[in-house]
Each structure stands twice: as structure tokens, then as C-alpha cells.
Amino acid sequence: MASRKLPEYLKIGVATAAYQIEGAWNVAGKCGIAIATEYRQGATASPQDIEAGLDCLEFEVGLYAHPIFSTEGGFPEDVKRRVALKSAEQGYPRSRLPEFTQEEIHYVRGTSDFYGFNHYTTYFLTRKWYTPEVVPSQVDDIGATQVDLEYEMGATIQSKIIPEGIRKALNWVKNKYDNPVVMIFENGFNTYGGLKDLNRITYYRKYLNAILDAIDIDGCNITRYTAWSLMDNFEWNCGLKLKFGLFEVDYEDENKQRIARLSALWFKHLITTRSLHYDYIPEYKEIIF
């Protein structure tokens, strides 16, 4: 069976909301921020679409990461340039984007001990069909339309399986911010339920393989990997409908019974062997608590 060893220093686990709220205070005095780092790229190889993907990355990720992790601090230059240009076109006397003072730049820069990295999928942008709708807006400042390309997916486009995107995102962070310590706090796949979740296993296997490429080949400084999530939970505006858990939660049961999915057994094997076995599929057995 083809397999790949995990680095000895790489800590592997699964997340619960309670840990994120309570347990994070106990991580040996480290304090940091988690940033949603979905990769964005051009829908085509045209220079305009390539630029749109990079601009979107700066607006969606760099806007929050650049003030903390860059050497110069403040907002990204591409964001400042595009907002200033749009503001002038819209008749504003100055840019709608506030400027950091030098005091604020020094106050914010370097204030995170690590880059907390949340990632689920990749989104694609084009400028070919963009037409303004809400002006002013972040979407109009970026000036591109998100397009849907064909990939295997879960319940929503948030779980399109595009493993090369997480490797690209990790390298973007590495190259932009001098290879900071990266802790992956959220990475997972949604469905509408079911215990024999082979598609979730496929997602984790492909994404973990891409992460190992980012470590072994690209030199990304990744020290933690956390799957989202241990069990089904309340997912923002989707409520209880979307299922991310390795364990299914029976919300009709007064005790909220938890039942292991096939992916839970697969993840147990990953942690036990500390190896990513490409062809391994566990035999399902019922585990309830």
C-alpha cells in the first residue's frame, strides 16, 4: 500500500468549537490570529483574470494579514491603489480606505505568534463579464466576477475538492510574509449527512497530500493540522443542515448521540500510523457515544 509519513513535528488533530473558544488559551502562551485563506485565482490564463485572482487574494486575505505579518505593515499596496482609483472615479475627495498612522503600523505589525490558517477550497475570478452592481463595495473595488468551474464537490461550493489550491495558498503566505509559522486550524468537507462518507475521505487524503508537498517540496513552515470538525455542529447561516463532522450528531435524540462516520475511522488510522496511506479505506463498524 503506497503511503507517506507525516513529519514528526507536525501535530494532527480535529477541531471542536468548544476548543476554539476555551482551549486556545492553554497553548503554552502563544497568541495569534486565524485568517480565512481560501485561494483565489484567475478563471483563465488571461493577464486580466490572473490579476483579478491576485487582487482578490489581497482584498480577502491580505487586508487582514498584511498589517500583522508583512515587513512594512499597513494595508496591501494593491488594495490601497485600487480603492484610491475607484474612490476618485466615484467623486470622493480622498480614498475610502483609511490610512494607518506610523504609530498604528508599529502597534499592529508582528502581533501574532503564528499564522492561523483556515482553508476549504479555491475560488475563480474573471474580469471578462464583470458589471458593477453595488457601488461602492468591496466587490466593485476588486472588479471581478466569481465563476463556477467543474470540480468534485460536497454539499456546497465551499467543499469543492481542489487540493492544489491549499498548496498555492500556503506558498502565497510563505512568499508574502517571510515563511511564518503556520498552524492550520480549519480544513474540512461538508455533506448533507450519511455515515459512509467516502468523498470526505477523498478530500482529506488529497488535501493532506498537498500540505505535505507544501512542507517537503516547498519548505512551508507548517506545524499544526486541524480537521474541521470532530462532530457536526451549528454552521453559521446554514444552521444544522450542513455536516462537517467525522462523527454524525443525531439532533433528534435528547442526548445528541454521536455516531462515527467512516471518515472517523480513517482519521484514527492516520493518527495511529502517522502515515497517509493513499489506498486505505477502513471497514465500517458502528461506534456510538
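Trp266, His269, Leu270, Ser275, Leu276, His277 and Tyr280 line the largest cavity. This is a predicted model: local features need pLDDT of at least 70, side-chain atom pairs count only at pLDDT 80 or more, and totals for chains, interfaces and linings use all residues. Residues are numbered from 1 along each chain as its sequence is written, and side-chain values use heavy atoms, with hydrogens and water left out.

**The cavity**

A cavity is a set of points, on a 1 Å grid over the protein atoms alone, where a 1.4 Å probe fits but cannot get out; lining residues have an atom within 4 Å of a point. Grid points are joined across faces, edges and corners, and a volume is the space filled by probe spheres set on the points. The count is one cavity of 30 Å³ or more. The largest holds about 30 Å³ of space. Its lining has four nonpolar, three polar and no charged residues. Here Ala, Val, Leu, Ile, Met, Phe, Trp, Tyr, Cys and Pro count as nonpolar, Asp, Glu, Lys and Arg as charged, and the others, Gly among them, as polar. α8 (262-273) and β12 (275-277) each supply at least two lining residues. Helices (H or I, at least four residues) and strands (E, at least two) are DSSP runs, numbered from the N terminus.

**The sheet**

Five strands form an open sheet in the order β2-β9-β8-β5-β3, with parallel pairing. β2 (11-14) and β3 (33-36) are the edge strands, each pairing on one side only. From one strand to the next, the twist averages 25°. Two strands pair if DSSP finds at least two bridges between them. β3 and β5 (residues 115-118) pair over four bridges. Tyr115 in β5 is the bridge partner of Ile33.

Contact means heavy atoms within 4.5 Å. Axes are lines fitted to C-alpha atoms, for helices over the stretch in contact, and angles run from 0 to 180 degrees between N-to-C directions.

**Two buried residues**

Buried means under 20% relative accessible area, exposed over 50%, partly exposed in between (1.4 Å probe, protein chains only). Thr226 is found in strand β9. Thr226 is buried because its relative accessible area is 15%. Beyond four places away in sequence, Thr226 touches Gly13, Val14, Ala15, Ile184, Phe185, Glu186 and Asn187.

Ile105 sits in helix α4 (residues 102-108). Ile105 also counts as buried, at 9% relative accessibility. Beyond four places away in sequence, Ile105 touches Glu72, Gly73, Gly74 and Phe100.

Key
1 Å grid on protein atoms, 1.4 Å probe; cavity = no way out; pocket = protein on both sides within 12 Å on 5 of 7 lines; lining within 4 Å.
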